Amino acid sequence: MKKIGSILIIIVLIASCALLVGCGAKKTELDMVKDKISYVQTGLYAGKNDSFNVCLSIGKNEGMFIADGKSGNLENFCKLSLKPMKVDMLAKTFTYKITGEAGTVSGEFKKEVLGNNLVSEIKDIAKVGKIKDIDIVFDDKTDKVVLENKMTGMTWDTALQIAFDNDKESIMKDIVDKVYCKEVYIKFINDITNGNSYYWYVAFIASNEKYTAILIDPLTSKILTKKSL
């Protein structure tokens, strides 16, 4: 009898585990939308002095972004941008060293194909820990710029939740066989015309001609603008 009781207990435990796994595997509509992210910014650091503007953007993307409603495999990215205040400085050679609480990472800037920026792609930014500052080296000189974390409030997933809730009726129509038919673009942007304020930009994209874009205030969680084509 004890043996039969033990077997019954085991069967009940196995059934319970299977039930829990089954429940955990069920995707919500928001999960289906997250599966179609093609670009998401997860970190932004910025700083400036009299000579330079510096920006460090961290996140995940599918490589070259194409507004086609599709999303590929996401890869980590970390892009460092340097904008000299004087255009004639673009011809100089610049190297850098980013310092964090756990270490440093160094590299060299290259001229961006378009625009007046110098850029560098960083593969191992995580090893520096909490980012503190950057040393910019040129002409045997070193210029230090403190890097400030601009993404201290609302996170990208909260911004996506707000945008999802606002546009849920339309999103539900674009879910077919548990697959969302658009791609999702999430970026933390700044407006230099408004006191250098920062906002979350969330877009649900079918193509360049068909999309919904939502701008969110990270301090108040309010939707500032919404555009649908």
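Let me begin with the contacts, meaning heavy atoms within 4.5 Å: in the protein chain, among contacts with a separation of 6 or more, 56% are between residues 24 or more positions apart. What you see is a predicted model, in which local features need pLDDT of at least 70 and side-chain atom pairs count only at pLDDT 80 or more, while totals for chains, interfaces and linings use all residues. Residues are numbered from 1 along each chain as its sequence is written, and side-chain values use heavy atoms, with hydrogens and water left out.

As for the overall make-up, the protein chain has four helices and 16 strands, where helices (H or I, at least four residues) and strands (E, at least two) are DSSP runs numbered from the N terminus. Of its 229 residues, 38% count as buried, that is, under 20% relative accessible area with a 1.4 Å probe and protein chains only, whereas exposed would be over 50% and partly exposed in between.

Now to the strands, which I call paired if DSSP finds at least two bridges between them. Strand β13 (residues 183–191) runs parallel to strand β1 (residues 37–48), with three bridges between the two, and here I186 is the bridge partner of V40. With strand β14 (residues 197–205), β13 pairs in the antiparallel sense over nine bridges, and D191 of that pairing stands opposite S197.

Elsewhere, four strands in the order β5-β4-β8-β9 form an open sheet with antiparallel pairing. Its edge strands, each pairing on one side only, are β5 (104–108) and β9 (141–146), and the twist from one strand to the next averages 20 degrees, taking axes as lines fitted to C-alpha atoms and angles from 0 to 180 degrees between N-to-C directions. Within this sheet, strand β8 (residues 131–138) and β9 are antiparallel and joined by six bridges, with V137 opposite T142; their hairpin has two residues between the strands, and D139 takes a positive phi near 50 degrees there.

Is V128 buried or exposed? V128 is buried, its relative accessible area being 0%, and, leaving aside residues up to four places away in sequence, V128 touches I98, G100, E101, A102, G103, T104 and V105. One of these, E101, is 27 residues away along the chain, yet the two C-alpha atoms are separated by 6.4 Å.

Of the 32 lining residues, L44, C55, S57, S81 and N190 lie nearest the centre. The elements giving two or more residues to this lining are β1, β2 (52–61), β3 (75–84) and β13, and β1 supplies the largest share, six residues.

How values were computed:
On a 1 Å grid over the protein atoms alone, a cavity is a set of points where a 1.4 Å probe fits but cannot get out, and a pocket is an open set with protein on both sides within 12 Å along at least five of seven lines; lining residues have an atom within 4 Å of a point.
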